[in-house]
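Try each task before reading its solution.

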Amino acid sequence: MGSVLDFLVAQPLVALVAILTVGLALGKIRVLGISLGAAAVLFVALGLSTVDPGIQIPPLLYQLGLAMFVYAIGLTAGAQFFAEFRSRGWRLTLFMVALLATLVGVAYGAVKLLGLNELIGVGMFAGALTSTPGMAAVVEMVEGGTLVDASRSAEPVIGYSLAYPGAVIGSILVAAVGAALLKVNHVEDARKEGLIIAPLQWDGVLIGPGVEGTVAQLPTLAGAEIIATRIVNGPHDHRLAAPTDRLHEGMVLLINGTQEAITTAQRTLGQPAQVTIEGTDLVYKRVTVSNPRVVGRRIEDLDTFSAGFQIARIRRGDADEVPHPDDVLNYSDRVRVVAPPNRMAEVRAFLGDSERSLAAPDLLPFALGLLAGLLLGFIPVPLPGGSVLSLGFGGGPIVAGLILGALHRTGPVTWTMPYHAVHTLSTLGLSLFLAGVGTTAGAGFRKALTDPSSLTVMAAGLFITVVSALISAVVGMLVLRLTWDESMGVAAGATTNPAIISYLNGQTGTELATRGYATVYPTAMIGKIVASQILLLLLI
(Lines give C-alpha, C1' and ligand atoms only; values in the text may rest on other atoms or scores of the structure.)
Protein backbone atom coordinates (compact mmCIF):
# COMPACT_ATOMS: atom_id res chain seq x y z
CA MET A 1 0.00 0.00 0.00
CA GLY A 2 2.83 2.36 0.91
CA SER A 3 4.53 1.92 -2.46
CA VAL A 4 1.26 2.73 -4.27
CA LEU A 5 0.81 5.91 -2.24
CA ASP A 6 4.41 6.91 -2.83
CA PHE A 7 3.86 6.42 -6.57
CA LEU A 8 0.76 8.65 -6.50
CA VAL A 9 2.67 11.31 -4.58
CA ALA A 10 5.39 11.29 -7.25
CA GLN A 11 2.92 11.17 -10.17
CA PRO A 12 0.15 13.75 -9.61
CA LEU A 13 -1.26 13.23 -13.12
CA VAL A 14 -1.81 9.53 -12.42
CA ALA A 15 -3.27 10.44 -9.02
CA LEU A 16 -5.70 12.89 -10.66
CA VAL A 17 -6.97 10.36 -13.21
CA ALA A 18 -7.23 7.65 -10.53
CA ILE A 19 -9.27 9.98 -8.30
CA LEU A 20 -11.55 10.88 -11.21
CA THR A 21 -12.03 7.23 -12.18
CA VAL A 22 -12.88 5.98 -8.71
CA GLY A 23 -14.94 9.05 -7.80
CA LEU A 24 -17.07 9.04 -10.95
CA ALA A 25 -17.62 5.29 -10.58
CA LEU A 26 -18.78 5.67 -6.97
CA GLY A 27 -20.93 8.62 -7.99
CA LYS A 28 -23.08 6.31 -10.11
CA ILE A 29 -24.04 4.14 -7.14
CA ARG A 30 -27.58 4.87 -5.94
CA VAL A 31 -28.55 4.41 -2.29
CA LEU A 32 -32.24 4.95 -1.52
CA GLY A 33 -32.59 6.60 -4.91
CA ILE A 34 -29.75 9.05 -4.26
CA SER A 35 -26.44 9.26 -6.08
CA LEU A 36 -23.66 11.81 -5.56
CA GLY A 37 -22.56 12.03 -9.19
CA ALA A 38 -19.39 14.07 -9.65
CA ALA A 39 -19.53 15.14 -5.99
CA ALA A 40 -18.15 11.72 -5.04
CA VAL A 41 -14.82 12.81 -6.54
CA LEU A 42 -14.38 15.24 -3.63
CA PHE A 43 -14.65 12.48 -1.05
CA VAL A 44 -12.31 10.13 -2.92
CA ALA A 45 -9.71 12.91 -3.18
CA LEU A 46 -10.21 13.85 0.44
CA GLY A 47 -9.94 10.24 1.62
CA LEU A 48 -6.82 9.54 -0.40
CA SER A 49 -5.04 12.69 0.73
CA THR A 50 -6.11 12.03 4.32
CA VAL A 51 -4.21 8.74 4.16
CA ASP A 52 -1.20 10.46 2.55
CA PRO A 53 -1.25 14.30 2.53
CA GLY A 54 1.59 14.26 0.02
CA ILE A 55 -0.88 13.48 -2.78
CA GLN A 56 -1.60 16.89 -4.29
CA ILE A 57 -3.10 18.20 -7.54
CA PRO A 58 -1.56 21.45 -8.92
CA PRO A 59 -3.82 24.45 -8.11
CA LEU A 60 -3.89 25.64 -11.73
CA LEU A 61 -5.77 22.49 -12.76
CA TYR A 62 -8.58 22.79 -10.28
CA GLN A 63 -8.89 26.54 -10.74
CA LEU A 64 -9.39 25.95 -14.46
CA GLY A 65 -11.87 23.20 -13.65
CA LEU A 66 -14.02 25.46 -11.48
CA ALA A 67 -13.97 28.26 -14.07
CA MET A 68 -15.07 25.83 -16.81
CA PHE A 69 -17.83 24.41 -14.63
CA VAL A 70 -19.48 27.68 -13.63
CA TYR A 71 -19.07 29.25 -17.10
CA ALA A 72 -20.84 26.27 -18.67
CA ILE A 73 -23.62 26.57 -16.09
CA GLY A 74 -24.04 30.22 -17.00
CA LEU A 75 -24.25 29.44 -20.72
CA THR A 76 -27.02 26.89 -20.21
CA ALA A 77 -29.05 28.93 -17.71
CA GLY A 78 -28.61 32.45 -19.13
CA ALA A 79 -31.54 32.62 -21.54
CA GLN A 80 -34.03 31.08 -19.11
CA PHE A 81 -32.77 33.21 -16.23
CA PHE A 82 -33.37 36.51 -17.99
CA ALA A 83 -36.65 35.33 -19.55
CA GLU A 84 -37.99 34.24 -16.15
CA PHE A 85 -36.68 37.35 -14.48
CA ARG A 86 -39.03 39.63 -16.41
CA SER A 87 -42.12 37.76 -15.29
CA ARG A 88 -41.75 35.95 -11.98
CA GLY A 89 -38.02 35.52 -11.58
CA TRP A 90 -37.43 38.91 -9.97
CA ARG A 91 -39.52 37.88 -6.97
CA LEU A 92 -37.59 34.65 -6.55
CA THR A 93 -34.34 36.55 -7.00
CA LEU A 94 -35.24 38.96 -4.20
CA PHE A 95 -36.25 36.04 -2.03
CA MET A 96 -32.94 34.28 -2.67
CA VAL A 97 -30.98 37.41 -1.75
CA ALA A 98 -33.00 37.73 1.48
CA LEU A 99 -32.57 34.02 2.23
CA LEU A 100 -28.79 34.16 1.83
CA ALA A 101 -28.59 37.27 4.03
CA THR A 102 -30.60 35.44 6.67
CA LEU A 103 -28.40 32.36 6.45
CA VAL A 104 -25.26 34.48 6.84
CA GLY A 105 -26.75 35.75 10.11
CA VAL A 106 -27.64 32.21 11.20
CA ALA A 107 -24.13 30.95 10.38
CA TYR A 108 -22.51 33.87 12.17
CA GLY A 109 -24.56 33.15 15.28
CA ALA A 110 -23.80 29.42 15.12
CA VAL A 111 -20.04 29.96 14.79
CA LYS A 112 -19.96 32.40 17.69
CA LEU A 113 -22.34 30.43 19.91
CA LEU A 114 -20.54 27.12 19.39
CA GLY A 115 -17.06 28.64 19.50
CA LEU A 116 -16.03 27.21 16.14
CA ASN A 117 -12.82 28.01 14.30
CA GLU A 118 -13.71 30.98 12.06
CA LEU A 119 -12.24 29.58 8.85
CA ILE A 120 -13.74 26.13 9.43
CA GLY A 121 -17.03 27.89 10.22
CA VAL A 122 -17.01 29.74 6.91
CA GLY A 123 -16.21 26.50 5.10
CA MET A 124 -19.04 24.86 7.01
CA PHE A 125 -21.40 27.58 5.77
CA ALA A 126 -20.32 26.96 2.17
CA GLY A 127 -20.64 23.21 2.67
CA ALA A 128 -24.09 23.52 4.24
CA LEU A 129 -25.21 25.15 0.98
CA THR A 130 -22.90 22.93 -1.12
CA SER A 131 -21.28 26.04 -2.61
CA THR A 132 -18.04 24.85 -4.16
CA PRO A 133 -17.37 28.28 -5.76
CA GLY A 134 -18.13 29.97 -2.43
CA MET A 135 -15.61 27.79 -0.67
CA ALA A 136 -13.12 28.46 -3.49
CA ALA A 137 -13.59 32.21 -3.11
CA VAL A 138 -12.88 31.98 0.61
CA VAL A 139 -9.76 29.87 0.01
CA GLU A 140 -8.62 32.45 -2.55
CA MET A 141 -9.08 35.26 0.00
CA VAL A 142 -7.13 33.34 2.64
CA GLU A 143 -4.33 32.50 0.21
CA GLY A 144 -3.96 36.23 -0.43
CA GLY A 145 -2.50 36.49 3.08
CA THR A 146 -3.95 39.94 3.86
CA LEU A 147 -6.70 38.73 6.22
CA VAL A 148 -5.18 35.71 7.99
CA ASP A 149 -2.12 33.50 7.67
CA ALA A 150 -2.12 32.07 4.14
CA SER A 151 -0.99 28.70 5.51
CA ARG A 152 -4.50 28.22 6.93
CA SER A 153 -6.08 28.06 3.47
CA ALA A 154 -7.00 24.36 3.92
CA GLU A 155 -9.25 25.06 6.93
CA PRO A 156 -12.30 26.25 4.93
CA VAL A 157 -12.06 23.06 2.85
CA ILE A 158 -12.20 21.00 6.04
CA GLY A 159 -15.37 22.74 7.20
CA TYR A 160 -16.86 22.38 3.74
CA SER A 161 -16.12 18.64 3.61
CA LEU A 162 -17.59 18.04 7.07
CA ALA A 163 -20.83 19.85 6.25
CA TYR A 164 -21.33 18.72 2.66
CA PRO A 165 -22.84 15.23 3.26
CA GLY A 166 -25.40 16.62 5.69
CA ALA A 167 -26.36 19.29 3.18
CA VAL A 168 -27.36 16.70 0.60
CA ILE A 169 -29.13 14.45 3.10
CA GLY A 170 -30.86 17.31 4.94
CA SER A 171 -32.35 18.89 1.80
CA ILE A 172 -33.62 15.54 0.55
CA LEU A 173 -35.16 14.66 3.93
CA VAL A 174 -37.08 17.94 4.07
CA ALA A 175 -38.39 17.37 0.54
CA ALA A 176 -39.38 13.75 1.18
CA VAL A 177 -40.99 14.27 4.61
CA GLY A 178 -42.83 17.41 3.52
CA ALA A 179 -44.26 15.75 0.41
CA ALA A 180 -45.50 12.83 2.52
CA LEU A 181 -47.05 15.01 5.23
CA LEU A 182 -48.77 17.32 2.72
CA LYS A 183 -49.82 14.38 0.50
CA VAL A 184 -48.49 16.17 -2.58
CA ASN A 185 -49.88 15.08 -5.96
CA HIS A 186 -46.85 15.82 -8.11
CA VAL A 187 -48.46 15.15 -11.49
CA GLU A 188 -51.62 17.14 -10.79
CA ASP A 189 -49.62 20.12 -9.56
CA ALA A 190 -47.50 20.05 -12.71
CA ARG A 191 -50.58 19.79 -14.92
CA LYS A 192 -52.16 22.82 -13.22
CA GLU A 193 -48.95 24.78 -13.83
CA GLY A 194 -49.00 23.86 -17.53
CA LEU A 195 -45.79 21.84 -17.40
CA ILE A 196 -47.31 18.59 -18.60
CA ILE A 197 -47.99 19.20 -22.26
CA ALA A 198 -50.24 16.86 -24.17
CA PRO A 199 -48.78 15.29 -27.33
CA LEU A 200 -48.92 17.50 -30.41
CA GLN A 201 -51.27 16.54 -33.23
CA TRP A 202 -52.38 17.97 -36.54
CA ASP A 203 -55.79 18.55 -38.09
CA GLY A 204 -57.61 20.79 -40.56
CA VAL A 205 -59.59 23.95 -39.92
CA LEU A 206 -62.02 25.66 -42.31
CA ILE A 207 -61.90 29.43 -41.82
CA GLY A 208 -65.36 30.85 -41.22
CA PRO A 209 -66.86 34.28 -41.92
CA GLY A 210 -65.55 37.36 -40.16
CA VAL A 211 -62.04 36.02 -39.48
CA GLU A 212 -59.48 38.55 -40.65
CA GLY A 213 -55.72 38.62 -40.28
CA THR A 214 -52.68 36.68 -41.41
CA VAL A 215 -51.39 33.18 -40.82
CA ALA A 216 -48.83 34.61 -38.37
CA GLN A 217 -51.70 36.01 -36.27
CA LEU A 218 -53.52 32.68 -35.97
CA PRO A 219 -52.51 31.93 -32.34
CA THR A 220 -53.91 35.30 -31.23
CA LEU A 221 -57.05 34.98 -33.33
CA ALA A 222 -57.67 31.42 -32.18
CA GLY A 223 -56.76 31.97 -28.54
CA ALA A 224 -54.70 28.79 -28.68
CA GLU A 225 -51.06 27.68 -29.12
CA ILE A 226 -51.16 26.50 -32.73
CA ILE A 227 -49.20 26.92 -35.93
CA ALA A 228 -50.40 26.56 -39.50
CA THR A 229 -47.99 24.81 -41.85
CA ARG A 230 -50.08 24.16 -44.96
CA ILE A 231 -52.80 25.77 -47.03
CA VAL A 232 -55.01 23.02 -48.42
CA ASN A 233 -56.42 23.81 -51.87
CA GLY A 234 -57.57 20.27 -52.60
CA PRO A 235 -57.16 16.64 -51.47
CA HIS A 236 -53.65 16.45 -52.94
CA ASP A 237 -52.94 20.14 -53.50
CA HIS A 238 -51.06 21.54 -50.51
CA ARG A 239 -48.67 24.49 -50.31
CA LEU A 240 -46.68 26.00 -47.48
CA ALA A 241 -48.52 28.55 -45.38
CA ALA A 242 -46.57 31.79 -45.47
CA PRO A 243 -46.78 33.98 -42.33
CA THR A 244 -48.02 36.86 -44.50
CA ASP A 245 -50.83 34.91 -46.19
CA ARG A 246 -54.19 36.59 -45.57
CA LEU A 247 -56.99 34.56 -44.03
CA HIS A 248 -60.34 34.44 -45.81
CA GLU A 249 -63.61 32.61 -45.51
CA GLY A 250 -63.47 29.09 -46.96
CA MET A 251 -59.68 28.80 -46.56
CA VAL A 252 -58.54 25.39 -45.28
CA LEU A 253 -55.39 25.18 -43.13
CA LEU A 254 -53.52 22.30 -41.59
CA ILE A 255 -52.63 23.27 -38.02
CA ASN A 256 -50.41 21.73 -35.34
CA GLY A 257 -51.00 21.83 -31.59
CA THR A 258 -52.38 19.83 -28.70
CA GLN A 259 -55.83 18.29 -29.17
CA GLU A 260 -57.28 20.89 -26.82
CA ALA A 261 -55.63 23.75 -28.73
CA ILE A 262 -56.76 22.39 -32.11
CA THR A 263 -60.35 21.98 -30.88
CA THR A 264 -60.34 25.54 -29.53
CA ALA A 265 -58.94 26.89 -32.81
CA GLN A 266 -61.51 25.03 -34.92
CA ARG A 267 -64.33 26.36 -32.79
CA THR A 268 -63.01 29.93 -32.77
CA LEU A 269 -61.89 30.22 -36.39
CA GLY A 270 -64.60 28.23 -38.11
CA GLN A 271 -65.06 24.48 -38.11
CA PRO A 272 -63.07 21.25 -38.52
CA ALA A 273 -61.97 20.27 -42.01
CA GLN A 274 -61.01 16.79 -43.15
CA VAL A 275 -57.45 16.81 -44.46
CA THR A 276 -55.13 14.07 -45.66
CA ILE A 277 -51.39 14.47 -46.07
CA GLU A 278 -50.79 11.35 -48.14
CA GLY A 279 -49.97 11.87 -51.80
CA THR A 280 -49.45 15.62 -51.50
CA ASP A 281 -46.61 17.81 -52.77
CA LEU A 282 -45.27 18.35 -49.22
CA VAL A 283 -43.47 15.97 -46.88
CA TYR A 284 -42.26 16.26 -43.29
CA LYS A 285 -38.99 15.22 -41.70
CA ARG A 286 -37.05 15.59 -38.45
CA VAL A 287 -33.86 17.64 -38.85
CA THR A 288 -31.22 18.41 -36.20
CA VAL A 289 -30.02 22.00 -35.91
CA SER A 290 -26.23 22.17 -36.23
CA ASN A 291 -25.49 25.07 -38.61
CA PRO A 292 -23.71 27.83 -36.62
CA ARG A 293 -25.18 30.44 -38.98
CA VAL A 294 -28.66 29.43 -37.80
CA VAL A 295 -28.00 28.82 -34.10
CA GLY A 296 -28.82 31.75 -31.84
CA ARG A 297 -31.26 33.32 -34.31
CA ARG A 298 -35.01 33.73 -33.94
CA ILE A 299 -37.23 31.70 -36.22
CA GLU A 300 -38.84 34.92 -37.41
CA ASP A 301 -35.46 36.29 -38.51
CA LEU A 302 -34.56 33.13 -40.43
CA ASP A 303 -37.46 33.54 -42.89
CA THR A 304 -37.74 29.79 -43.41
CA PHE A 305 -40.60 30.21 -45.86
CA SER A 306 -38.27 31.85 -48.36
CA ALA A 307 -35.91 28.90 -47.84
CA GLY A 308 -38.71 26.55 -48.87
CA PHE A 309 -39.87 25.08 -45.56
CA GLN A 310 -41.83 25.64 -42.39
CA ILE A 311 -41.01 24.48 -38.87
CA ALA A 312 -43.99 22.60 -37.49
CA ARG A 313 -42.55 21.50 -34.15
CA ILE A 314 -39.43 21.89 -32.03
CA ARG A 315 -38.29 18.98 -29.88
CA ARG A 316 -36.25 20.00 -26.84
CA GLY A 317 -35.47 17.36 -24.30
CA ASP A 318 -38.19 14.75 -24.62
CA ALA A 319 -41.18 16.91 -25.53
CA ASP A 320 -42.42 18.62 -28.70
CA GLU A 321 -43.27 22.32 -28.59
CA VAL A 322 -45.26 24.52 -30.93
CA PRO A 323 -42.73 26.98 -32.40
CA HIS A 324 -43.13 30.72 -31.89
CA PRO A 325 -41.67 33.38 -34.19
CA ASP A 326 -39.43 34.66 -31.38
CA ASP A 327 -38.13 31.21 -30.40
CA VAL A 328 -34.34 30.99 -30.72
CA LEU A 329 -32.90 27.86 -32.31
CA ASN A 330 -30.13 26.14 -30.38
CA TYR A 331 -27.60 23.48 -31.20
CA SER A 332 -29.10 19.97 -30.99
CA ASP A 333 -32.71 21.19 -31.39
CA ARG A 334 -34.67 18.64 -33.42
CA VAL A 335 -37.21 20.37 -35.60
CA ARG A 336 -40.01 18.87 -37.68
CA VAL A 337 -39.97 20.61 -41.04
CA VAL A 338 -42.54 20.64 -43.82
CA ALA A 339 -41.21 21.15 -47.35
CA PRO A 340 -41.47 19.91 -50.93
CA PRO A 341 -39.50 16.66 -51.36
CA ASN A 342 -37.19 18.19 -53.95
CA ARG A 343 -36.10 20.89 -51.50
CA MET A 344 -35.41 18.65 -48.50
CA ALA A 345 -31.65 18.49 -49.23
CA GLU A 346 -31.62 22.30 -49.28
CA VAL A 347 -33.48 22.33 -45.95
CA ARG A 348 -30.95 19.98 -44.38
CA ALA A 349 -28.10 22.18 -45.57
CA PHE A 350 -29.86 25.25 -44.19
CA LEU A 351 -30.29 23.78 -40.69
CA GLY A 352 -27.16 21.63 -40.68
CA ASP A 353 -28.45 18.17 -39.69
CA SER A 354 -24.90 17.04 -38.93
CA GLU A 355 -24.13 14.89 -35.91
CA ARG A 356 -20.43 15.14 -36.78
CA SER A 357 -20.35 18.92 -36.40
CA LEU A 358 -22.23 18.68 -33.10
CA ALA A 359 -19.58 16.24 -31.88
CA ALA A 360 -16.77 18.68 -32.81
CA PRO A 361 -17.92 22.06 -31.47
CA ASP A 362 -15.99 25.28 -32.01
CA LEU A 363 -14.14 25.90 -28.72
CA LEU A 364 -12.91 29.41 -29.63
CA PRO A 365 -16.11 31.18 -28.41
CA PHE A 366 -15.97 29.08 -25.23
CA ALA A 367 -12.38 30.19 -24.61
CA LEU A 368 -13.22 33.85 -25.35
CA GLY A 369 -16.16 33.85 -22.95
CA LEU A 370 -14.18 32.05 -20.27
CA LEU A 371 -11.36 34.60 -20.58
CA ALA A 372 -13.84 37.47 -20.24
CA GLY A 373 -15.28 35.82 -17.13
CA LEU A 374 -11.88 35.31 -15.52
CA LEU A 375 -10.94 38.95 -16.11
CA LEU A 376 -14.30 40.03 -14.69
CA GLY A 377 -13.61 37.97 -11.60
CA PHE A 378 -10.48 39.98 -10.83
CA ILE A 379 -12.30 43.33 -10.63
CA PRO A 380 -12.12 44.42 -6.95
CA VAL A 381 -15.22 45.79 -5.22
CA PRO A 382 -14.27 48.05 -2.24
CA LEU A 383 -16.08 47.40 1.02
CA PRO A 384 -16.34 49.54 4.17
CA GLY A 385 -13.30 49.17 6.40
CA GLY A 386 -10.82 48.93 3.56
CA SER A 387 -11.61 45.34 2.54
CA VAL A 388 -12.28 44.36 -1.03
CA LEU A 389 -14.56 41.75 -2.55
CA SER A 390 -14.26 40.05 -5.93
CA LEU A 391 -16.14 37.35 -7.79
CA GLY A 392 -12.91 35.43 -8.36
CA PHE A 393 -12.38 32.59 -10.80
CA GLY A 394 -15.66 31.05 -9.65
CA GLY A 395 -18.00 34.04 -9.83
CA GLY A 396 -16.69 35.99 -12.80
CA PRO A 397 -17.14 33.18 -15.34
CA ILE A 398 -20.73 32.46 -14.31
CA VAL A 399 -21.70 36.12 -14.75
CA ALA A 400 -20.09 36.15 -18.19
CA GLY A 401 -21.78 32.85 -19.02
CA LEU A 402 -25.22 34.16 -18.03
CA ILE A 403 -24.87 37.25 -20.19
CA LEU A 404 -23.42 35.47 -23.22
CA GLY A 405 -25.86 32.57 -22.87
CA ALA A 406 -28.74 35.05 -23.00
CA LEU A 407 -27.25 36.85 -26.01
CA HIS A 408 -26.83 33.52 -27.88
CA ARG A 409 -24.61 35.17 -30.45
CA THR A 410 -22.76 38.42 -31.18
CA GLY A 411 -22.36 39.00 -34.90
CA PRO A 412 -20.64 35.93 -36.33
CA VAL A 413 -19.70 34.54 -32.88
CA THR A 414 -22.09 31.92 -31.50
CA TRP A 415 -21.72 31.70 -27.72
CA THR A 416 -23.99 28.73 -27.09
CA MET A 417 -22.73 25.18 -27.54
CA PRO A 418 -24.30 21.81 -28.33
CA TYR A 419 -26.18 20.40 -25.34
CA HIS A 420 -23.96 17.37 -24.84
CA ALA A 421 -20.73 19.31 -25.31
CA VAL A 422 -21.48 22.00 -22.74
CA HIS A 423 -22.65 19.46 -20.16
CA THR A 424 -19.56 17.34 -20.73
CA LEU A 425 -17.31 20.37 -20.18
CA SER A 426 -19.32 21.29 -17.09
CA THR A 427 -18.96 17.83 -15.53
CA LEU A 428 -15.27 17.61 -16.44
CA GLY A 429 -14.59 21.03 -14.95
CA LEU A 430 -16.44 20.22 -11.71
CA SER A 431 -14.64 16.88 -11.40
CA LEU A 432 -11.22 18.49 -11.89
CA PHE A 433 -11.97 21.09 -9.26
CA LEU A 434 -13.31 18.63 -6.70
CA ALA A 435 -10.32 16.35 -7.21
CA GLY A 436 -7.88 19.20 -6.71
CA VAL A 437 -9.56 20.93 -3.79
CA GLY A 438 -10.12 17.61 -2.01
CA THR A 439 -6.41 16.81 -1.99
CA THR A 440 -5.54 20.17 -0.41
CA ALA A 441 -7.38 19.36 2.81
CA GLY A 442 -6.15 15.84 3.57
CA ALA A 443 -3.85 16.63 6.48
CA GLY A 444 -6.31 18.98 8.16
CA PHE A 445 -9.24 16.64 7.62
CA ARG A 446 -7.39 13.72 9.23
CA LYS A 447 -6.78 15.87 12.28
CA ALA A 448 -10.39 17.08 12.32
CA LEU A 449 -11.81 13.56 12.35
CA THR A 450 -10.00 12.84 15.62
CA ASP A 451 -11.47 15.97 17.16
CA PRO A 452 -14.96 15.65 18.75
CA SER A 453 -15.69 19.22 17.69
CA SER A 454 -16.00 17.90 14.12
CA LEU A 455 -19.41 16.53 15.09
CA THR A 456 -20.38 20.05 16.15
CA VAL A 457 -19.38 21.37 12.73
CA MET A 458 -21.44 18.67 11.02
CA ALA A 459 -24.49 19.40 13.21
CA ALA A 460 -24.21 23.15 12.62
CA GLY A 461 -24.00 22.61 8.87
CA LEU A 462 -27.04 20.33 8.89
CA PHE A 463 -28.96 22.93 10.90
CA ILE A 464 -28.22 25.65 8.33
CA THR A 465 -29.26 23.34 5.48
CA VAL A 466 -32.58 22.44 7.12
CA VAL A 467 -33.31 26.07 7.98
CA SER A 468 -32.69 27.04 4.35
CA ALA A 469 -35.03 24.33 3.04
CA LEU A 470 -37.79 25.12 5.56
CA ILE A 471 -37.68 28.86 4.83
CA SER A 472 -37.89 28.08 1.10
CA ALA A 473 -40.89 25.85 1.72
CA VAL A 474 -42.83 28.27 3.96
CA VAL A 475 -42.14 31.45 1.99
CA GLY A 476 -42.45 29.66 -1.34
CA MET A 477 -45.90 28.25 -0.65
CA LEU A 478 -47.45 30.94 1.56
CA VAL A 479 -45.94 34.14 0.11
CA LEU A 480 -44.82 33.34 -3.44
CA ARG A 481 -47.73 30.91 -4.05
CA LEU A 482 -45.54 28.14 -5.40
CA THR A 483 -46.35 24.45 -5.29
CA TRP A 484 -44.47 22.21 -2.86
CA ASP A 485 -42.34 20.75 -5.64
CA GLU A 486 -41.37 24.14 -7.02
CA SER A 487 -40.60 25.39 -3.51
CA MET A 488 -38.31 22.40 -3.05
CA GLY A 489 -36.77 23.22 -6.42
CA VAL A 490 -36.00 26.69 -5.07
CA ALA A 491 -34.48 25.07 -1.96
CA ALA A 492 -32.37 22.84 -4.23
CA GLY A 493 -31.42 25.89 -6.26
CA ALA A 494 -30.22 27.55 -3.06
CA THR A 495 -27.79 24.64 -2.68
CA THR A 496 -27.03 24.53 -6.46
CA ASN A 497 -26.46 20.81 -5.90
CA PRO A 498 -27.14 18.46 -8.83
CA ALA A 499 -27.63 15.46 -6.51
CA ILE A 500 -30.60 17.15 -4.81
CA ILE A 501 -32.40 18.21 -8.00
CA SER A 502 -31.71 14.77 -9.44
CA TYR A 503 -33.52 13.23 -6.47
CA LEU A 504 -36.46 15.64 -6.79
CA ASN A 505 -36.84 14.98 -10.52
CA GLY A 506 -36.76 11.24 -9.94
CA GLN A 507 -39.33 11.32 -7.15
CA THR A 508 -41.77 13.82 -8.70
CA GLY A 509 -41.53 12.79 -12.35
CA THR A 510 -42.28 16.38 -13.42
CA GLU A 511 -40.42 19.59 -14.29
CA LEU A 512 -41.81 21.68 -11.42
CA ALA A 513 -38.76 21.34 -9.22
CA THR A 514 -36.48 22.05 -12.18
CA ARG A 515 -38.35 25.28 -12.94
CA GLY A 516 -37.77 26.61 -9.43
CA TYR A 517 -34.19 25.33 -9.43
CA ALA A 518 -33.25 26.95 -12.74
CA THR A 519 -34.86 30.29 -11.88
CA VAL A 520 -32.83 30.86 -8.71
CA TYR A 521 -29.69 28.90 -9.61
CA PRO A 522 -27.63 31.77 -11.07
CA THR A 523 -28.57 34.15 -8.24
CA ALA A 524 -27.77 31.49 -5.66
CA MET A 525 -24.48 30.56 -7.31
CA ILE A 526 -23.25 34.16 -7.37
CA GLY A 527 -24.91 35.11 -4.09
CA LYS A 528 -23.24 32.31 -2.14
CA ILE A 529 -19.83 33.39 -3.41
CA VAL A 530 -20.47 36.88 -2.07
CA ALA A 531 -22.16 35.61 1.11
CA SER A 532 -19.26 33.30 1.96
CA GLN A 533 -16.77 36.16 1.59
CA ILE A 534 -18.94 38.50 3.66
CA LEU A 535 -19.22 35.89 6.42
CA LEU A 536 -15.42 35.55 6.44
CA LEU A 537 -15.02 39.31 6.80
CA LEU A 538 -17.58 39.38 9.63
CA LEU A 539 -15.89 36.59 11.57
CA ILE A 540 -12.23 37.61 11.42
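**Exercise 1.** Find where Lys-183 sits, and decide whether Lys-183 is buried or exposed.

*Solution.* Bear in mind throughout that this is a predicted model.
- Step 1: look in the loop between helix 7 and helix 8 (186–192), where Lys-183 has its place.
- Step 2: check the backbone. Lys-183 is not a glycine, yet its phi is positive, about 50 degrees.
- Step 3: turn to the surface. The relative accessible area of Lys-183 is 70%, and exposed means over 50%, so Lys-183 is exposed.

**Exercise 2.** Describe how helix 5 (residues 118–128) packs with helix 18 (residues 453–478).

*Solution.* Two packed helices are described by the angle between their axes and the distance between the axes.
- Step 1: here the angle is about 40 degrees and the axes are 8 Å apart.
- Step 2: angles under 35 degrees would count as roughly parallel, and 65 to 115 as roughly perpendicular. Helix 5 and helix 18 are therefore oblique to each other.
- Step 3: the crossing of helix 5 past helix 18 is right-handed.
- Step 4: helix 5 contributes Ile-120, Met-124 and Ala-128 to the contact, while helix 18 contributes Val-457, Ala-460, Gly-461, Ile-464 and Thr-465.
- Step 5: sorted by type, the residues of this contact give 6 nonpolar, 2 polar and no charged.

**Exercise 3.** Stay with helix 5 and pick out Gly-127. Which residues does Gly-127 touch, not counting residues up to four places away in sequence?

*Solution.* 
- Step 1: Gly-127 has 0% relative accessibility, so Gly-127 counts as buried.
- Step 2: the residues touched by Gly-127 are Tyr-160, Ala-163, Tyr-164 and Ala-167.
- Step 3: for a distance, take Thr-93. Gly-127 and Thr-93 are 34 residues apart in sequence and 21 Å apart in space, C-alpha to C-alpha.

**Exercise 4.** Now characterise the packing of helix 4 (residues 59–114) with helix 19 (residues 484–495).

*Solution.* 
- Step 1: the two axes are 11 Å apart, at an angle of about 55 degrees. That makes helix 4 oblique to helix 19.
- Step 2: helix 4 passes helix 19 in a crossing that is right-handed.
- Step 3: on helix 4 the contact uses Arg-88, Leu-92, Phe-95, Met-96 and Leu-99, and on helix 19 Glu-486, Val-490 and Ala-494.
- Step 4: these residues comprise 6 nonpolar, no polar and 2 charged.

**Exercise 5.** How many residues make up the largest nonpolar core, and which have the most contacts inside it?

*Solution.* 
- Step 1: the largest nonpolar core has 54 residues.
- Step 2: those with the most contacts inside this core are Leu-66, Phe-69, Met-135, Ile-398, Phe-433, Met-488 and Leu-504.
- Step 3: helix 7 (residues 155–181) supplies the largest share of this core, 8 residues.
- Step 4: a second, separate core has 38 residues, including Leu-100, Ile-158, Ala-460 and Leu-535.

Definitions and conventions. Residues are numbered from 1 along each chain as its sequence is written. This is a predicted model: local features need pLDDT of at least 70, side-chain atom pairs count only at pLDDT 80 or more; totals for chains, interfaces and linings use all residues. Side-chain values use heavy atoms; hydrogens and water are left out. Axes are lines fitted to C-alpha atoms, for helices over the stretch in contact, and angles run from 0 to 180 degrees between N-to-C directions. Helices (H or I, at least four residues) and strands (E, at least two) are DSSP runs, numbered from the N terminus. Angles under 35 degrees count as roughly parallel, over 145 as roughly antiparallel, 65 to 115 as roughly perpendicular and the rest as oblique. A crossing is left-handed if the near helix is turned anticlockwise from the far one by less than a right angle, and right-handed if clockwise. Contact means heavy atoms within 4.5 Å. Ala, Val, Leu, Ile, Met, Phe, Trp, Tyr, Cys and Pro count as nonpolar, Asp, Glu, Lys and Arg as charged, and the others, Gly among them, as polar. A nonpolar core is a set of buried Ala, Val, Leu, Ile, Met, Phe, Trp, Tyr and Cys residues joined through side-chain atoms within 4.5 Å. Buried means under 20% relative accessible area, exposed over 50%, partly exposed in between (1.4 Å probe, protein chains only).
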